[in-house]
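User: I'd like a close look at one part of this model: the backbone in the loops and turns. Could you walk me through whatever stands out there, with a bit of context first?

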Amino acid sequence: KISRKKGKENLERLPYIKNAEIKRKLPKEIVIEIDERQEIAIIPYIGSFLYIDEEGYILAIEEQREKVKLPKIFGLKFESLEAGNNLFDLLEDQNIKEFIIYSEGSDLMELMKYINFADNNNIMVELKDGIKVAFGPLDNVKYKLSFLNKILDDIEKKDINAKQILLNKGDNPIVVTDDR
């Protein structure tokens, strides 16, 4: 006597649930399959933090949890947000959305410690290994991120001790090392 449609709707209202399927398994079982949203980044927001997924949905607004290794995103300003809202719908610059989605898709997001969008002409990124990346403006985002991915692979293969990667100094990136 349970309504599968209502159950599905109620489950999908929860921020962490992306998709839910409810099936009957006769004679007396119900099978619930859930696709869960995963936290990919946190954003400081009025004394707490927004936990977002790769599609920009706010999964939770709470204090920072201990031992969270998610990158922090700075420089975004919002008013009156709630869990379940889509952050990307509220952004004025859709290149930020592209940056986050492509970073997550190319596994760069898990290497990042923080991303600072405060200056639109020079986005700054710090990686978990201490390398600072001057990304520059948010133009050609996919190209720059794929280039950054290749540079990081090259740095790792050649065991280069890089301090900075400058993508904002013309067409060619500059890798600053200890040796200069």
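Analyst: **Loops and turns**

Of the contacts in the protein that link residues at least 6 apart in sequence, 37% join residues at least 24 apart; a contact here means heavy atoms within 4.5 Å. Keep in mind that this is a predicted model, where local features need pLDDT of at least 70, side-chain atom pairs count only at pLDDT 80 or more, and totals for chains, interfaces and linings use all residues. Numbering runs from 1 along each chain as its sequence is written, and side-chain values use heavy atoms, with hydrogens and water left out.

Along the principal axes, the C-alpha trace spans about 70 × 40 × 30 Å.

Now the backbone. Most residues other than glycine have a negative phi, and most peptide bonds are trans.

Start with Pro27, which sits in the loop between strand 1 (17-25) and strand 2 (29-36).

Next is the hairpin formed by strand 4 and strand 5, with five residues between them. Gly56 in that turn has a positive phi of about 90°. The pairing of strand 4 (residues 48-52) with strand 5 (residues 58-62) is antiparallel, over four bridges; strands count as paired if DSSP finds at least two bridges between them. Phe49 has Glu62 in strand 5 as its bridge partner.

Then there's Asp107, in the loop between helix 3 (94-105) and strand 7 (112-116). Its phi is near 65°, a positive value in a non-glycine residue. Asp107 counts as partly exposed, at 47% relative accessibility. The cut-offs are under 20% relative accessible area for buried, over 50% for exposed and partly exposed in between (1.4 Å probe, protein chains only).

Asn140, also not a glycine, has a positive phi of about 50°. You'll find Asn140 in the loop between strand 9 (132-136) and helix 4 (141-157). With a relative accessible area of 54%, Asn140 is exposed. For context, buried residues make up 35% of the 180 in the protein.

Methods
Helix = DSSP H or I, 4+ residues; strand = E, 2+ residues; numbered from the N terminus.
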